Amino acid sequence: SSDLPRDQGLIMINMMSQFMAGGIEQQLHVGFQGISAFRSKHGRLPEANNKDHEDECFELAKAFNDSMRYVNETTPNGAMRAVCVDELDEKLIRRQARHAGVELQ
C-alpha cells in the first residue's frame, strides 16, 4: 500500500510526466530557442500574428531540437543531457511564437 491517497498519487504521476521528455517545460524551452534565434537573426522579436515569422520561429526551434538530439545521440554517456523533445508540439510552439512579440517585450 502507498502512503499517498489515490488522487494525490495520480497528481504526482501527472506532475512527473510533465518533466519527462516532451513535457511542457521542454517544449517551451525549445520554442523559446526558436524565438531567440529569430531575434538574433533579425534584431527583433517576431511580430504578433505574423504567419511568416511564426513559420520561421518553428523551423528554427525544430533545427535547435534536432541539434540537441544529435548532441545527446553522439554523447550517450555524458553527465548532462541536452534539452530536446522526441516530438515537437507544433501547435504550442507556433502559439508561443505568434505571441512572443507582445509577451516578451
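Leaving aside neighbours within four places in sequence, N65 is in contact with V30, C84, V85 and L88. N65 is found in helix α3. The residue is buried, because its relative accessible area is 1%, and the cut-off for buried is under 20%. The model described here is predicted.

The secondary structure of the protein comes to four helices and zero strands. Read along the sequence, the pattern is α-α-α-α. The protein has 105 residues, and 30% of them count as buried. Contacts between residues at least 6 apart in sequence were also examined. Among these contacts, 59% join residues at least 24 apart.

Two packed helices are described by the angle between their axes and the distance between the axes.

By class, the contact of α2 with α3 divides into eight nonpolar, seven polar and two charged residues.

Helix α2 covers residues 24-42, and helix α4 covers residues 90-103. The axes of α2 and α4 come within 9 Å and cross at roughly 45°. The two helices are therefore oblique to each other. The reason lies in the cut-offs: angles under 35 degrees count as roughly parallel, and 65 to 115 as roughly perpendicular. The crossing of α2 past α4 is right-handed. From α2, I24, Q27, L28, V30, G31, F32 and I35 take part in the contact. From α4, the residues are L92, I93, Q96, A97 and A100. This contact of α2 with α4 has nine nonpolar, three polar and no charged residues.

V30, G31 and I35 of α2 are listed in the contact with α4.

Helix α3 spans residues 51-74. The axes of α3 and α4 come within 9 Å and cross at roughly 125°. That makes α3 oblique to α4, because angles of 65 to 115 degrees count as roughly perpendicular and those over 145 as roughly antiparallel. This crossing, too, is right-handed. K51, E54, D55, C57, F58 and A61 in α3 meet E90, I93, R94, A97 and R98 in α4. The residues of this contact divide into five nonpolar, no polar and six charged. In α4, I93 and A97 meet α3. I93 and A97 also meet α2.

Another asparagine of α3 was then considered. N72 lies in helix α3. N72 is buried, with a relative accessible area of 8%. Not counting residues up to four places away in sequence, N72 touches R81, A82 and C84. A polar atom of the N72 side chain lies 2.8 Å from the backbone nitrogen of A82.

The loop between α2 and α3 holds N49. Most residues other than glycine have a negative phi. Phi of N49 is near 60°, a positive value in a residue other than glycine. N49 counts as exposed, because its relative accessibility is 55% and the cut-off for exposed is over 50%.

V102 has its place in helix α4. V102 is partly exposed, with a relative accessible area of 47%. V102 and N49 are 53 residues apart in sequence, and their C-alpha atoms are 9.8 Å apart in space. E103 is also placed in helix α4. At 62% relative accessibility, E103 counts as exposed. E103 and L45 are 58 residues apart in sequence, with a C-alpha to C-alpha distance of 10.0 Å.

How values were computed. Residues numbered from 1 in each chain as written. Predicted model: local features only at pLDDT ≥ 70, side-chain atom pairs only at ≥ 80, totals over all residues. Heavy atoms only, no water. Axes fitted to C-alpha atoms, helices over the stretch in contact; angles between N-to-C directions. Left-handed = near helix turned anticlockwise from the far one by under 90°. Contact = heavy atoms within 4.5 Å. Nonpolar A, V, L, I, M, F, W, Y, C, P; charged D, E, K, R; others polar. Buried < 20%, exposed > 50% of the residue type's maximum accessible area, 1.4 Å probe, protein only. Polar contact = N/O pair within 3.5 Å; in protein donor to acceptor, adjacent residues only side chain to side chain.
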